[in-house]
Amino acid sequence: MRIAYVTHYPELYGANRSLLDLMLELRRRGEVEPHVLLPREGPLSERLAAEGITHAVISWQPWMSERQYMGRFHHRLKQYLGYERAARERNAHNARQMPAVLAKLVQWKVDAIHVNSAAVGIVPGLQRGSTVPFIWHIRELPEHQYLLHIDIGRRTYARCLRAADRLIAISQAVRMDILRYAGNTVRPVVIYNGVLRLNDYTSLALESEGRWRSPSPFTFLLAGLIHASKGQEEAIRAMAILRGTNPDVRLLIAGDGKAAHLVKLISELGLGRHVELAGFVKDLRPLFLSSHALLMCSRNEAMGRVTVEAMGSGLPVIGHASGGTPELLEDGRTGLLYPGGASVLAERMAALVADRTKARELGINAMHSAAERFNVERYASDVLEVYRSVLSPVKR
């Protein structure tokens with residue numbers, strides 16, 4: 001099958017890492033010849049070239065944006081009009097790019113289009129201009145997870161969702177979000193991301209016990225983009241509470257983004273010796289293996305690739321009981337869920353510090369669960385079944 005994959009950015013963050021794993025596995029099996037469209041050059045295009053995967057860069061713009069309003073009414077009105085003007089300009093730009101996009105799909109003679117994100121701004125043009133089956137892989141809760149504004153409007157977004165031949169959701173939380181827009185006439189299939197290959201889980205298992213040979217200080221890791229929705233401030237405040245009764249603890253925050261407000265909070269709470277901001281870390285594996293628990297404080301996380309990577313390394317996870325996180329963790333067996341804010345989080349953290357045997361047991365259970373449920377091989381097989389279900393009537 002010749003599949004055109006369309007992605008919304010050129011970096012190798014979670015969505016594109018999952019896409020790359022999928023393409024490489026299906027190509028390895030001889031099932032799919034992948035072709036990729038992306039809006040800019042970047043680490044993904046470099047990796048595609050290295051892997052010998054056909055790809056093309058055609059500049060298009062997103063159809064979702066961050067909007068922040070400040071000041072008095074007339075200031076906010078001016079900001080609103082500016083945002084709307086920018087959205088119209090992006091939409092017009094995308095319309096101008098569509099002939100080149102559609103020509104490339106014809107040149108490649110693709111059998112189907114697989115769009116890799118809700119944020120791909122050329123979805124309407126693809127649906128209008130292409131005659132091959134359209135598969136849409138929704139990986140986000142756009143408004144709730146990333147606080148994005150849907151520039152084309154919720155009704156248009158809903159029409160596009162209903163127009164897809166197949167919808168794939170990466171969690172039940174994402175499935176429910178799709179239904180919130182598109183209604184119950186659509187039937188999204190839930191396919192969890194495959195985060196690691198089975199042999200990678202095996203190799204991690206062999207290294208996972210090393211952390212318990214150095215149990216002091218008990219180190220909590222929080223990894224992800226620094227953003228209000230990710231809960232870094234909540235984790236820092238929980239550390240301030242925890243430190244009162246457990247001084248031998250540490251929090252390591254790894255992630256890209258503006259962190260001045262976190263630096264200020266750490267100083268105000270007197271946590272300079274207990275909280276470290278590591279910035280962007282390309283390879284989290286050494287941090288997983290040297291920490292004792294992961295914090296997933298994100299609200300409305302669609303699935304949480306970092307959560308699964310931590311589980312796969314034998315790391316117990318304390319996750320907020322929202323979004324897709326409760327689908328990944330079984331509370332009390334493969335991790336701990338917390339339903340509230342910093343004080344409840346601090347209680348869960350204290351429980352692991354006080355009972356390290358239990359923490360180790362949670363990590364071992366999590367490791368087995370992740371290997372069974374979130375491996376690349378299973379993920380690729382499930383997506384392949386979607387392709388076959390869409391293409392088999394066409395090919396008959």
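**Accessibility and Arg 356**

A residue is buried under 20% relative accessible area, exposed over 50% and partly exposed in between, with a 1.4 Å probe and protein chains only. Because its relative accessibility is 26%, Arg 356 counts as partly exposed. The model is predicted: local features need pLDDT of at least 70, side-chain atom pairs count only at pLDDT 80 or more, and totals for chains, interfaces and linings use all residues. Residues are numbered from 1 along each chain as its sequence is written, and side-chain values use heavy atoms, without hydrogens and water.

Arg 356 lies in helix H15 (residues 356–373); helices are DSSP runs (H or I, at least four residues), numbered from the N terminus. Leaving aside neighbours within four places in sequence, Arg 356 is in contact (heavy atoms within 4.5 Å) with Trp 212, Pro 215, Ser 216 and Phe 218.

**Nonpolar cores**

A nonpolar core is a set of buried Ala, Val, Leu, Ile, Met, Phe, Trp, Tyr and Cys residues joined through side-chain atoms within 4.5 Å. The largest has 69 residues, and Leu 126, Trp 136 and Tyr 157 have the most contacts inside it. Helix H7 (residues 172–182) supplies the largest share of this core, five residues. A second, separate core of 34 residues includes Val 275, Leu 336, Ala 342 and Val 353.

**Helix H6**

Within helix H6 (residues 154–163), the residues Tyr 157, Ala 158, Cys 160 and Leu 161 are buried. They are on the same side of H6 because they cover an arc of only 160 degrees around the axis, taken from the directions from the helix axis to the C-beta atoms. Beyond its neighbours within four places in sequence, Trp 136 has contacts that include Tyr 157, Cys 160 and Leu 161.

Methods: Helix = DSSP H or I, 4+ residues; strand = E, 2+ residues; numbered from the N terminus.
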